[in-house]
Structure formats: structure tokens, C-alpha cells
Amino acid sequence: MGVFDKAEKRIESAVGKVFARAFKGFVHPVEIVAGIQRELDAEATLLSRDRRLVPNAFTVGLSQADYDRLVPYSKTLNAEILPGIRDHAAERSYVFNGPVTIDYELDTSLPTGQFTVTSQAVSVDTGAAAHNPAPEPRPGRLVLEVNGVRHPLVAPGLLIGRGAEADLRLNDPGVSRRHAMLTVSGDPEHPVVTIEDLGSTNGVHVNGNRVTKTRVGEGTRIEIGSTRMLIHTPAGS
């Protein structure tokens, strides 16, 4: 079963047959999945032999009729659409520069049933448009790798969450607004790194075990919501 089919089944499971019939003759969410996948393929930029940078912020233009029907369901739909986008990227070794977002805008020039997709690569730490990958960490330094993006672990650390105030913002429904704090202290060459659960709903798992606060280091696997992370020193550093 392809990603397109899996995405369609996820959407139908989440919203039911009545919802699916509401889109008959209009833009269907599965078409948007396919449109974003095509946009990824068209905009992929070679980073290395086996990795390509792709956009992570998408804007879907809709006709008045499609906009009125689709936008009220946008949060539910995005939660179902995004896994298909991430699966597509993983299959092709695409790298996102930050959290994947999908926004919708009205385009009155479009007829019912047609839509457009535009995109840009948006840096996770500045929120500004970026056409190059995030800078690599200094040689020999620990990083937190998330969805192929490396975040240098430097003092004072990173607030991880879904809210706007987070240093590392995750577009994951299983992540709380202020989910966890990674604290970095000590010698930059040999830092002391700890992770603390900030009272999140779904908790923090380190190497498969739920924790409240613990020290982490080289090779540590962290899971927050459905997002998996790895602390390591990049090969070749």
C-alpha cells in the first residue's frame, strides 16, 4: 500500500464516510497530500549524496467553495495529512529544516475543485525563510538530531514544545506547548546535559523508559509524543 493510499485510509478512519461525502466534487484532502508530495519532489535540493533539503512550510490556495468547506476541518485534517508527508520524505531521504506546517488561504481566481501549493524552507530557530540548511555544529560537539535536522547542544539549552515560545518547536499533536527542557551546562567540549519533563501530558521517554528528569549524553534516544530524537556527535566531526 502506497503513502497516498495510507493517507486516504487515515483520513477516512478519522472523519468517517459522512465527512468524505462532504468533499464530493470539491478538493479532497488526499489530493492535497499528493500535491504536497509533488512539491517536495520538485523543490528537493541536494545536500549530500543521500540527503536532500526540502521545504517544510506549505500554503494551499483554495477556491471560495473549497475554502469554506475545508478550513473548518483544517486542524483535524493536518493531523491526518502530516504523517503521509513525513513518510514520503523518509522514503526519499528528504530533510526538513524545521517543523512541517500546512496553512490554507483563499484564492478567488481558482475554480471549485482546483488548488495550488506553494512552499518555503523555514528555519526552526528563527522562523525566517531559509534556503540553506541550518549551520552544522562545531566539530566534536554534541547535537540533538530531530527529523534529520541537527541542533547543537550549547548552554543554556533548549525548551522543547508545541508552543510559540519553544526553542525547538514540534508540530506534533502528542507534544505539549511546554513539554520538556534540555539543560546544557559545564565545559562546552564535555557538557553536562539533562532533560526534564515540564509536566507534559504524554511524558518524556529516554531509551524506552519514561522519566521525570535524567542526565543524557552520546547515543541517548529521546521520544516526545510521536517524535524521536537522538543525541550524538555527528560522524566525521
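The entries run from the whole chain down to single residues.

**Entry 1, ground rules.** I am working with a predicted model, in which local features need pLDDT of at least 70, side-chain atom pairs count only at pLDDT 80 or more, and totals for chains, interfaces and linings use all residues. Residues are numbered from 1 along each chain as its sequence is written, and side-chain values use heavy atoms, with hydrogens and water left out.

I looked up pLDDT, the predictor's confidence in each residue on a scale from 0 to 100. The protein chain averages 80, and 79% of the residues score at least 70. Residues 10–23 fall below 50, and this stretch has 20 contacts in the model beyond near neighbours in sequence; a contact means heavy atoms within 4.5 Å. Residues 125–135 are also below 50, with 17 contacts beyond near neighbours in sequence. Where pLDDT is low, the predicted coordinates should not be read in detail.

I find four helices and 17 strands in the protein chain. These are DSSP runs numbered from the N terminus, helices being H or I of at least four residues and strands E of at least two. Of the 237 residues, 43% are buried. Buried means under 20% relative accessible area, exposed over 50%, and partly exposed in between, with a 1.4 Å probe and protein chains only. Of the contacts between residues at least 6 apart in sequence, 59% join residues at least 24 apart. The accessible surface is about 12,300 Å², and carbon and sulfur atoms hold 48% of that; the areas come from the Shrake-Rupley method with a 1.4 Å probe, and for residues only the protein chains shown count as cover.

A pocket here is an open set of points on a 1 Å grid over the protein atoms alone, where a 1.4 Å probe fits, with protein on both sides within 12 Å along at least five of seven lines; lining residues have an atom within 4 Å of a point. The largest pocket holds about 480 Å³ of space, the volume being the space filled by probe spheres set on the points, which are joined across faces, edges and corners. Its lining has 25 residues, and those closest to the centre are Arg86, Asn147, Asp172, Ser226 and Thr227. Which element gives the largest share of the lining? α4 does, with six residues. At least two lining residues each come from α4 (74–91), β8 (149–152), β10 (168–169) and β17 (227–232).

Most residues other than glycine have a negative phi, and most peptide bonds are trans. Asn147 has a positive phi of about 55°. Asn147 lies in the loop between β7 (143–146) and β8, and is partly exposed because its relative accessibility is 44%. Asn207 has a positive phi near 50°; its loop runs between β13 (204–206) and β14 (209–211). At 36% relative accessibility, Asn207 is partly exposed too. The peptide bond from Ala155 to Pro156 is cis, with omega near 5°, and Pro156 lies in the loop between β8 and β9 (157–161).

I placed Glu223 in strand β16 (residues 221–224). Is Glu223 buried or partly exposed? Its relative accessibility is 32%, so Glu223 counts as partly exposed. Leaving aside neighbours within four places in sequence, Glu223 contacts Gly203, Val204, His205 and Arg228. Val204 is 19 residues away along the chain, and the two C-alpha atoms of Glu223 and Val204 are separated by 6.2 Å.
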